[in-house]
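Please read them alongside the sequence and the coordinates.

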Amino acid sequence: MRKIDRYLKLFYELQEHGQPVTTTAVAAHLGLRASTVTEMFQRLEQRGLVRYSPYRGVVLTAEGWRRALEVVRHHRLLEAYLYHCLGYPLEGVHAEAERLQSAISEEFEDRIAQRLGEPLYDPHGDPIPSRSGYVPPLRAIPLLSLALGQRAVVRRVCDRDSAVVRQLVACGLLPQAHCWLCGRRHVGGEYLIAVCGELFALPEAVLGAVYVEPLEA
């Protein structure tokens, strides 16, 4: 069950970002062989959770989408609970929630949601699906697509690389922070970014994990 939930959550996240759910993409994300992923695609199709097309990948069925939303809701609520109530560092909540997401009951999920005041977004800015399947909107573009000097507010940061999240925490480049792209230093290939009035030099690999909503001039 845990393995299936892990796959379904990844399928949802790839589709959420407009990416096709291919064997190559899933294998890269999970660190598995392509043959292993193909076998799982076939198993999930037999369970009615995906539609699988060789060489093209899978799409979630209605049942697969419903179950993926449930897993994603568990995961993102757990991240919020760990961060806001238990004091976990932001770079540590993803891995901990990954271990717990398939273990909690619906009652426990409801209690977390109530304790947190039915949050719409997790600490990384990811939308938390409701019990009915509603997904809050998210208007965000890659930070690196901003024009130089364009101001924006951070809406979302990717949570998969704990080292990257740690760097974002260190400079405060997190959801709700105001920032603007100032330029690029050729030495080291770093970008200069102002975060709440303070200047930082960060590599593309770090800034590529940040999504923002541009502000009107």
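Which residue in β5 is the bridge partner of valine 153? That partner is histidine 178.

1. Basis of the note. The model is predicted, with local features requiring pLDDT of at least 70 and side-chain atom pairs counted only at pLDDT 80 or more, whereas totals for chains, interfaces and linings use all residues. Numbering starts from 1 along each chain as its sequence is written, and side-chain values use heavy atoms, with hydrogens and water left out.

2. The open sheet. Six strands form an open sheet in the order β3-β8-β4-β5-β6-β7, with antiparallel pairing. Its edge strands, β3 (141-142) and β7 (198-203), each pair on one side only. Strands here are DSSP E runs of at least two residues, and helices are H or I runs of at least four, numbered from the N terminus; two strands pair if DSSP finds at least two bridges between them. Between β4 (residues 151-157) and β5 (residues 178-185) there are three bridges, in the antiparallel sense.

3. Helix α7 on the sheet. Helix α7 (residues 162-171) lies across β4, β6 (190-195), β7 and β8 (210-214), and runs at about 165° to β7. Axes are lines fitted to C-alpha atoms, for helices over the stretch in contact, and angles run from 0 to 180 degrees between N-to-C directions.

4. The hairpin of β1 and β2. Four bridges join β1 (residues 50-53) to β2 (residues 57-60) in the antiparallel sense, and serine 53 stands opposite glycine 57 in β2. Three residues lie between the strands, and tyrosine 55 takes a positive phi near 70° in this hairpin.

5. Helix α2 and its cover. Threonine 23 belongs to helix α2 (residues 23-30) and counts as buried because its relative accessibility is 16%; buried means under 20% relative accessible area, exposed over 50%, and partly exposed in between (1.4 Å probe, protein chains only). Thr23, Ala25, Val26, Ala27 and Leu30 are buried in α2, and their cover includes α1 (2-16) and α3 (34-46). Leaving aside neighbours within four places in sequence, threonine 23 is in contact (heavy atoms within 4.5 Å) with Ala34, Val37, Thr38 and Phe41. After α2 comes glycine 31, with a positive phi near 65°.

6. Cysteines. The whole structure has zero disulfides, a disulfide being a pair of cysteine sulfur atoms within 2.5 Å. The sulfur of cysteine 158 is too far for a bond because the closest cysteine sulfur, in cysteine 179, is 15 Å away. Cysteine 158 is partly exposed, at 31% relative accessible area, and cysteine 85 is partly exposed at 29% relative accessibility.
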